[in-house]
Structures are given as structure tokens and as C-alpha cells.
Amino acid sequence: MSTDPVTDDRADGRDETPNERADRNWDELMQELRVMQTGTQILTGFLLAVAFQQRFTDLDALQHDLYIVLVALSAVATVLSLAPVGMHRALFGRRRKPELVRLASRIVKIDLFVIGLLTAGVTTLIVDFTVGRTAGAVTLVVTLLAVLALWAWLPRAVRTRSRRETT
């Protein structure tokens, strides 16, 4: 561990200042947001196009309500994915990067939750409309379980395994 107060003393093998760490973490967050924004834009485009298709009037009341919820979730996901960029613009040059990184990280986690719901909902709507209600319900459960497993359980399992290996 470094005794130099300018050098970050975290025991992760990196020799970087707190500002360098914040810059690196910010860059990583921006890469994650680029991926999230692309996926969200594709889902949003799909949802907006659906309303203008001839068969849109064939949606039953539940499918129509689900569609409206999905459009709202899509808007929320878009706003959340743009929020860190807006915050960066507002705080640029004010030496607040570590605070910005912490807040942006929380926003990205919330956005991942919203995108998980959005993805499950869009898949459910498509299967419900094309195959049937039971298949749609099964799709919802399976998709939510997959999101939970890949976005919550798997990272937790990796962290637990890493802790065991280091002790």
C-alpha cells in the first residue's frame, strides 16, 4: 500500500490517484451506457412502430395496457440513460467527478432494472399476441428469471467465489 497521499491506496493492483480512478470509472460507465442506449433505442423504435401497424387494433385490452406500460418504461429508460451525460455537462470542470461517478453508477443500476422489465415486457407482448396468453405468461416468467439470474445472481456468485479464492 502506498503512503503517498496523492496515490490511491486500494489494494487492487492499480497505482492511480483518486482522480485517475474516477476518470477510468467514468469511461467504463460511458461504455456501458452506449450499449444500454443502443438496446433501448431499438426497443423504443420497435414500440413506436407497432402503434402504426394495421394489426395494432387487434390487441386486446390487456395487450394494449401492456403496450402503454412498455412505452412508458422505454421513455424512463431513455431518460435514465441520458441523465449521466446531462449531469456531466452540468458539473463539467467543477472537480466533482468522483461524486458524479457514484451517482451515475446508481442511475445505471436503476436503468438496468428498467431495461430488464422492458425487455421482459416486450418479449411477453410479442409472444402473447402471436402465440397466446399462456405462452405469454410463461415467457414473462422465464425472461424475468433469466434477467434476475444474469444480472443479479451471476455477479453475486462471481463475487462470492472471488472472496473465497482470496481467503
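Mentor: Let's go from the overall fold down to single residues.

Trainee: What are the ground rules here?

Mentor: This is a predicted model: local features need pLDDT of at least 70, side-chain atom pairs count only at pLDDT 80 or more, and totals for chains, interfaces and linings use all residues. Residues are numbered from 1 along each chain as its sequence is written, and side-chain values use heavy atoms, with hydrogens and water left out.

Trainee: How many helices and strands in the chain?

Mentor: 4 helices and 0 strands. From the N terminus on, the order is α-α-α-α. Helices (H or I, at least four residues) and strands (E, at least two) are DSSP runs, numbered from the N terminus.

Trainee: What is the radius of gyration of the chain?

Mentor: 21 Å, while a compact globule of 167 residues would be near 15 Å. The radius is taken over C-alpha atoms, and the globule rule is 2.2 Å times the number of residues to the power 0.38. Along its principal axes, the C-alpha trace spans about 70 × 40 × 15 Å.

Trainee: And what share of the residues is buried?

Mentor: 31% of the 167 residues. Buried means under 20% relative accessible area, exposed over 50%, partly exposed in between (1.4 Å probe, protein chains only).

Trainee: Which residues touch the most other members of the largest nonpolar core?

Mentor: Trp26, Leu29, Leu47, Tyr67, Leu70, Leu118 and Val122, out of 27 residues in that core. The elements giving two or more residues to this core are α1 (18-50), α2 (61-91) and α3. α3 gives the most, with 10 residues. A nonpolar core is a set of buried Ala, Val, Leu, Ile, Met, Phe, Trp, Tyr and Cys residues joined through side-chain atoms within 4.5 Å.

Trainee: Take leucine 118. What is it in contact with, beyond its neighbours within four places in sequence?

Mentor: Leucine 118 contacts Leu43, Leu47, Leu70, Leu73 and Ser74. Contact means heavy atoms within 4.5 Å.

Trainee: Where does α4 bend?

Mentor: At alanine 149, by about 40 degrees. That is the angle between axes fitted to the seven residues ending there and the seven starting there.

Trainee: What do the buried residues of α4 pack against?

Mentor: They pack against α3 (97-130). Gly136, Thr139, Thr143 and Val147 are buried in α4.

Trainee: Serine 81 next. Buried or exposed?

Mentor: Serine 81 counts as buried, because its relative accessibility is 2%. Serine 81 sits in helix α2. Leaving aside neighbours within four places in sequence, serine 81 contacts Leu33, Gln37 and Asp111.

Trainee: And phenylalanine 92, where is that found?

Mentor: In the loop between α2 and α3. Phenylalanine 92 is exposed, with a relative accessible area of 52%. Phenylalanine 92 and leucine 125 are 33 residues apart in sequence and 41 Å apart in space, C-alpha to C-alpha.
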